[in-house]
Amino acid sequence: MDQLSGGEALIRALHDEGVEFLFGYPGGAVLHIYDAIFNQDKVEHILVRHEQAATHAADGYARGTGKPGVVLVTSGPGATNAITGIATAYMDSIPMVVISGQVESRLIGSDGFQETDMVGVSRPIVKHSFMVQNPAEIPNIVKKAFHIATTGRPGPVVIDIPKDVTDPKTKFDYKYPTEIKMRSYAVPSKGHSGQIKKAVDVLMAAKRPMIYAGGGVIQGEGSELLTKLARELGFPITNTLMGLGAYPASDKQFVGMLGMHGTYEANMSMHYCDALLAIGVRFDDRVTNSDVTKFCPDATILHVDIDPASISKTVSADVPIVGSVTSVLEEMLSQIASSKEKVDQKSLKVWWDQIEQWREKDSLAVTPCEDGTIKPQEVVQAVHKITKGDAYVSSDVGQHQMFAAQYYGFDKPRRWINSGGLGTMGFGFPAAMGIQLAFPDAVSVCITGEGSFQMNLQELATCMQYKLPVKIICLNNRALGMVKQWQDMQYGGRHSHSTYEESLPDFIKLAESYGHVGIRIENKSDLDSKLAEAFALKDRLVFVDVLVDPEEHVYPMAIKGGAMKDMILSKSERT
Amino acid sequence: MRHIISVLMENEPGALSRVVGLFSQRNYNIDTLTVAPTEDQSLSRLTLTTTGDERRIEQITKHLNKLVDVVKLVDLTEGAHIERELMLIKVKASGAQRAEVKRTTDIFRGQIVDLTNSVFSIQLTGTTDKLDAFIATLGESVVLEVARTGVSGISRGEKVLAL
């Protein structure tokens, strides 16, 4: 048995847990740990330029791979800088382990230099947290942290470690546990067969069925089974913002994303359906359109989720099913196969005819500008074309995020990487770094805006250090577009602090100053060729600054306080 | 409606703050709260009272159950149960008042646990309503100080909240 110090034990435990990358930033309270990192080559440390970016990079890595992202930050400001990233992961149920340094045990509570009560500060935004009291606890706590972060409904876990606990002079017998039992933590696994039977009965009797699938399907690795189920039943299916890619967007049964900026046909189908199979979703207010009393008035709601607290939280479920998506979908498929009842094909045909009528409205049609001005949607379409729809696409938050979600057309799970729940500007670029590290040969694109990008642009340096050829596509509309859109629509066009008055940097020079390539596109006629030029530079980070139409709004858009069928379809048309 | 929820949780640092934090974070009320280790020193039993409709209480119990430190819980108000609260109350007691306060205390089956020439300290156990009634009977003018533990409870019959 090896004799290790706390710092060495921590890094060894991460290796034993299969961790490849540790995203971090050093500081006083974690110096013993950094020394332990220096003396090994198993776990690769990625030095970011801001702790927030460390959490987003780890988050991107986790979303892309399904494995937990791991972060190491120092005490005080290091820890508080990580908070936004932890909250982002928490809202989207992303597995993450964040290790924060803490002042020495004897100083805790004394307002020591760089002291913050990290366990307290992070409490509402973590799945669980640990404060290590003794180096010998490290292997067990690390094992528990990873177990909690990755099982059930995943989420971030914080391990706070006082500096004395990692002291190289204090050694103990290191042994990594093979399994862990916690009497107070049980993972729900299989759904209740009787409930699944009830759900199947509802689906078979439905005349206007609908499948509504979300991020839980991706997190729970249920995309394949979901696709099988949807095809088996022939039902229309929509994905949430978090669920894009759970069902292939190019399939004809897919009616597009739903919700605040969902397609006309997705939202109409939701409103008029009579049976709703909701899987791995949480009836977020951006889906239900705030007034849940108007939500799916005719539907019997079947809700599958691994988190019991998610069920009937905002919308009451008629048939709740608690369990992992894969187990529930498997059983559902087998029950359907053996069921005497069959799908009511005649009614389904009538329902599809109706949906096709809605689809004909073509709510995502783009009208090109005649003067060569580039529409932001056209950029996303062009990126889709050039990457053959097979890139990992991260985004920040705002109009560009919605355009990316609406127009990229994700056919595979884990390809769309965005902060759906917390809506964190500054997320996309570091997340794209995490993706690129996980998949060095893949195309990692960050579709962003000039507002969001400036929230974590320091990571251009990290990308240079680790040679990460991320492609940044900046839909530059010279304004905080989504804020401006709301101000246009609800505040009489008063653009209060949503523009920057000629203060934008020259992004090309900015990228170049970090040693990267910058390309500017101003005219529609150059769009395809210059994007091709950017994507041809396979080993380089390229910042593509695309000047887009600043007047463009994101449509469709839900009418506040209405039902899902109530939408604004363009600047001049409403439902 | 008022509910009494008893929670068995790990007797570990931070566990209590997670429970209490959950209530403020999700905008739930806590009316009373009492907590102490059980016969098994690794477990604490926390009892709280809260109010809300069925849906809200369901969310509260689900979210409490989600906390990693929470081992088990029961909503005592769902079945027959016994609830008690303990109160220590200091009241003015001089002259003719002394006999009057003593009599009232006896009627409520309280005990005078400390006294001076002008003050009684009384211990009283019972339901929240009973303690409220005692205070009301004495009248605000004689009450000097009140220390109440909050409600603790246990279910009737053979049902137990244990591992």
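1. Basis. This is a predicted model, in which local features need pLDDT of at least 70, side-chain atom pairs count only at pLDDT 80 or more, and totals for chains, interfaces and linings use all residues. Residues are numbered from 1 along each chain as its sequence is written, with chains lettered from A and ligands numbered from 1 in the order in which they are written.

2. The sheet. In chain B, four strands make up an open antiparallel sheet, ordered β2-β3-β1-β4. Its edge strands are β2 (32-37) and β4, each of which pairs on one side only. Neighbouring strands are turned by 15° against each other on average, direction ignored. Strands are DSSP runs (E, at least two residues), as are helices (H or I, at least four), numbered from the N terminus; two strands pair if DSSP finds at least two bridges between them.

3. β1 and β4. The antiparallel pairing of β1(B) with β4(B) runs over five bridges. Here B:L8 is placed opposite B:K72 of β4(B).

4. Helices on the sheet. α1(B) packs on the sheet and touches β1, β2 and β3 of chain B, its direction making about 150° with that of β1(B). α2(B) lies across β1, β3 and β4 of chain B and runs at about 160° to β4(B). Axes are lines fitted to C-alpha atoms, for helices over the stretch in contact, and angles run from 0 to 180 degrees between N-to-C directions. Contact between two residues requires C-beta atoms, placed from the backbone, within 7 Å.

5. α2, span and sides. Helix α2 of chain B (residues 54-66) has 13 residues and reaches 18 Å from first C-alpha to last, close to the 18 Å expected (1.5 Å times one less than the number of residues). Its buried residues are B:I57, B:I60, B:T61, B:H63 and B:L64. These lie on the same side of α2(B) because they cover an arc of only 165° around the axis, taken over the directions from the helix axis to the C-beta atoms. Their cover includes β1 (2-10), α1 (15-25), β3 (43-51) and β4 (70-75) of chain B. The face turned away from the buried side carries the exposed residues B:E54 and B:R55. Buried means 20 or more other C-beta atoms within 10 Å of the residue's own, exposed 12 or fewer, and partly exposed in between.

6. B:G21. This residue lies in helix α1 of chain B. B:G21 counts as partly exposed because 15 other C-beta atoms lie within 10 Å. Leaving aside neighbours within four places in sequence, B:G21 is in contact with A:R123 and A:P124.
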